[in-house]
Amino acid sequence: MQVIFFILMISIIFVMGAMLQRLFYGPTIYDRMNGLGVIGADTILLLVLFGYIDGRPDMYVDIAISYAFLGFIGSVIVAKYLGGKNI
């Protein structure tokens, strides 16, 4: 089972690499925001998978939840900044 988790982690890291390209070279700000959101979601998934590999998923899930909360708040702040004051 750990081999499957390890393969999943490697494939998620490749997806994160593709999203880094979108983040740095995206033609619009919305492409860059999308890349940042996918990287954040993939980081949360990597934390949970690493928790299962390590044998302590409860600790890593707590860290992933706090990371997701901070990512959501950051996305809302950036969206408010980009959308103007009428949100």
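Is F50 buried, exposed or partly exposed? F50 counts as partly exposed because its relative accessibility is 38%, where buried means under 20% relative accessible area, exposed over 50% and partly exposed in between (1.4 Å probe, protein chains only). The model is predicted: local features need pLDDT of at least 70, side-chain atom pairs count only at pLDDT 80 or more, and totals for chains, interfaces and linings use all residues. Residues are numbered from 1 along each chain as its sequence is written, and side-chain values use heavy atoms, leaving out hydrogens and water.

Now meet the aromatic rings. Rings of Phe, Tyr and Trp (its six-membered ring) pair if their centres lie within 6.5 Å; planes under 30 degrees apart count as stacked, over 60 as edge-to-face and the rest as tilted. By this rule there are two aromatic pairs:

| Pair | Centre distance | Plane angle | Type |
|---|---|---|---|
| F5 and Y52 | 5.9 Å | 40° | tilted |
| F50 and Y60 | 5.4 Å | 85° | edge-to-face |

F5 lies in helix 1 and Y52 in helix 2, so this pair ties together parts 47 residues apart in sequence. Helices here are DSSP runs (H or I, at least four residues), numbered from the N terminus. F5 is buried at 17% relative accessible area, while Y52 is partly exposed at 44%. F50 in helix 2 and Y60 in helix 3 (residues 57–83) are 10 residues apart, and Y60 is buried at 13%.

F5 also belongs to the largest nonpolar core, which has eight residues in all, including I39 and L49. Such a core is a set of buried Ala, Val, Leu, Ile, Met, Phe, Trp, Tyr and Cys residues joined through side-chain atoms within 4.5 Å. Helix 1 gives the most to this core, with five residues.

Key
Helix = DSSP H or I, 4+ residues; strand = E, 2+ residues; numbered from the N terminus.
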